Amino acid sequence: IQVDRTGVLWVASQKGLNRYDPVRNRFEGFVHDAHNASSLGDNFLRSIAVDKNNNLWLASYNGLEMLDAKREKFRHFRHDPNDPTSLSSNIIRRIKIDSQGRMWVGTDDAGLNRIDHLPGHDEPLRVVRYIPDLANPKALAHKNVTGIEEDGRGRIWLGTYGGGIHRLDDDLTGFTRFEIRQGKNQILAAEVQQNISRDAKGNIWFSSDHSGLIKYDLASDQM
């Protein structure tokens, strides 16, 4: 769920996109239409974000969707195996626009993507990919990025489905991995993260499958 810059409420679901206009007290739905290339590209939506131009961005099982705020038409961005600057995968789980205006795109099966410049209605999309590599300690440890959040210092945090917690380094080239362990058995406490949220103090909260809620404290720089 997102509220855009005009106060309109947007709800992404597994059956398309819904818009609620509080001024007119009216709901409107957007779904895929095979006969309309400017319609929503896929009805299974998983994440939603609004950029500085009030364009709506949607994560789907068939790539990245953008609803042009002025034209009210959808653009579709897909993985191209012949273009290394395209999205690394079409199966997108999470998107996040940070305080610098960059978009971060987490996929189920091909790691993370960074978009430094969000395109308008006719500009191309250019992506920087972060691909998992277990042999490289500064790379992603898992292909499935389940959560993306920015802390109070502007740093990007990731949750993964099996690779623990990651924080992007300041130079944006690599990651610091956090293996949160607890108890005498040294069990990995953050093996699977399902969601990440930031609180009003800039702290980051991680929900996990096996270890409950985990907090990163901004003031102490500790988990």
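Let us begin with proline 84, which is exposed, with a relative accessible area of 60%. The model before you is a predicted one, and proline 84 sits in the loop that runs between strands E8 and E9. Leaving out residues up to four places away in sequence, proline 84 touches Val127 and Arg129. Valine 128 also deserves mention: 44 residues separate proline 84 from valine 128 in sequence, while their C-alpha atoms are 8.3 Å apart in space.

I turn now to serine 86. Where is serine 86 placed? It is in the loop between strand E8, residues 74–77, and strand E9, residues 92–97. Is serine 86 buried or exposed? Its relative accessibility is 7%, under the 20% limit, so serine 86 counts as buried. Proline 84, by contrast, is exposed at 60%. The side chain of serine 86 reaches the backbone oxygen of aspartate 83 at a distance of 2.8 Å. Neighbours within four places in sequence aside, serine 86 is in contact with Arg78, His79, Asp80, Asn113, Val127 and Arg129. Val127 and Arg129 are likewise touched by proline 84.

Next, two residues with a particular backbone angle. Most residues other than glycine have a negative phi. Asparagine 25, which is not a glycine, has a positive phi near 50 degrees. Asparagine 25 belongs to the loop between strand E3, residues 16–21, and strand E4, residues 26–30, and is exposed, with a relative accessible area of 58%. Glutamate 72 also has a positive phi without being a glycine, at about 55 degrees. The loop holding glutamate 72 lies between strand E7, residues 63–67, and E8. With a relative accessible area of 42%, glutamate 72 is partly exposed.

Finally, the protein as a whole. How many helices and strands does the protein have? There are zero helices and 21 strands. The radius of gyration is 18 Å, close to the 17 Å given by the globule rule for 223 residues, so the protein is as compact as a globular protein of that length. Along the principal axes, the C-alpha trace spans about 60 × 45 × 30 Å. Of the 223 residues, 48% count as buried. Among contacts between residues at least 6 apart in sequence, 44% join residues at least 24 apart. The accessible surface comes to about 11400 Å², and carbon and sulfur atoms account for 47% of it. As for charge, the protein carries 30 positive and 30 negative charges, whose mean positions are 2 Å apart.

Conventions: Residues numbered from 1 in each chain as written. Predicted model: local features only at pLDDT ≥ 70, side-chain atom pairs only at ≥ 80, totals over all residues. Heavy atoms only, no water. Helix = DSSP H or I, 4+ residues; strand = E, 2+ residues; numbered from the N terminus. Rg over C-alpha atoms; globule rule 2.2 N^0.38 Å. Buried < 20%, exposed > 50% of the residue type's maximum accessible area, 1.4 Å probe, protein only. Contact = heavy atoms within 4.5 Å. Areas by Shrake-Rupley, 256 points an atom, 1.4 Å probe, with all protein chains shown as cover. Lys, Arg positive; Asp, Glu negative; His and termini not counted. Charge placed at Lys NZ, Arg CZ, Asp CG, Glu CD. Polar contact = N/O pair within 3.5 Å; in protein donor to acceptor, adjacent residues only side chain to side chain.
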